[in-house]
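Look through the structure below before reading the briefing. The notes that follow are grouped by topic.

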Amino acid sequence: MKRKTFIFLIFFFTNLFLLNPILAETPLDVYMNDFYSKSNEAKQILKEIEVTLKEGSRSQVCSRQRKAAKLGLLANDSLIKAFEISGEEVPIEAIKASQLRWKSILNEC
């Protein structure tokens with residue numbers, strides 16, 4: 001009986017002190033996930049606006065368009081931060097073109 005208790009205690013303390021590291025999201029993952037979620041949400045809003053306009057309704061088009069543009073700009077900011085964290089060169093020209101497109105959508109209404 002003492003032997004089983006001793007083996008159990010060794011097993012228990014071994015598992016207690018040698019915990020596996022927790023696999024959490026890195027800051028890069030956080031910014032990339034933020035970029036993808038915001039850009040996908042912005043694109044979805046623009047698709048909904050397109051469907052609404054094809055149906056002949058202009059209900060809340062400008063407010064939804066502004067919301068999509070703001071999300072797109074925030075997504076670009078997250079992408080820039082992700083590039084900076086990863087240590088890679090930021091593709092400034094592509095991001096500037098994207099920002100100009102989102103700003104034009106924001107200012108059209």
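**Helix H4 and its buried side**

In H4, the buried residues are Ile95, Ser98, Gln99, Trp102 and Ile105; buried means under 20% relative accessible area, exposed over 50% and partly exposed in between, with a 1.4 Å probe and protein chains only. Viewed down the axis of H4, these buried residues fall within an arc of 120°, so they line one face of the helix; the arc is that of the directions from the helix axis to the C-beta atoms. The model is predicted: local features need pLDDT of at least 70, side-chain atom pairs count only at pLDDT 80 or more, and totals for chains, interfaces and linings use all residues. Residues are numbered from 1 along each chain as its sequence is written, and side-chain values use heavy atoms, with hydrogens and water left out.

**More on H4**

- The exposed residues Glu93, Lys96, Leu100, Asn107 and Glu108 sit on the face of H4 turned away from its buried side.
- The buried residues of H4 pack against H2 and H3, where contact means heavy atoms within 4.5 Å.
- H4 has 17 residues and reaches 24 Å from its first C-alpha to its last, close to the 24 Å expected at 1.5 Å a residue; the expected span of a helix is 1.5 Å times one less than its number of residues.

**Nonpolar cores**

- A nonpolar core is a set of buried Ala, Val, Leu, Ile, Met, Phe, Trp, Tyr and Cys residues joined through side-chain atoms within 4.5 Å.
- The largest nonpolar core has ten residues in all, including Ala42, Ile49, Val61, Leu73 and Trp102.
- At least two residues of this core come from each of helix H2 (27–54), helix H3 (61–86) and helix H4 (92–108).
- With five residues, H3 gives the most to this core.
- A second, separate core of six residues includes Phe35, Ala75, Phe83 and Ile95.
- Not counting residues up to four places away in sequence, Ala69 touches Trp102, Ile105 and Leu106.

**Helix H3**

- The 26 residues of H3 should span 38 Å at 1.5 Å a residue, and its end C-alpha atoms are 37 Å apart, which agrees.
- Gly87 follows H3 and has a positive phi, near 85°.

**The whole protein**

- The protein has four helices and zero strands; helices (H or I, at least four residues) and strands (E, at least two) are DSSP runs, numbered from the N terminus.
- Of the 109 residues in the protein, 24% are buried.
- Among contacts with a separation of 6 or more, 66% join residues 24 or more positions apart.
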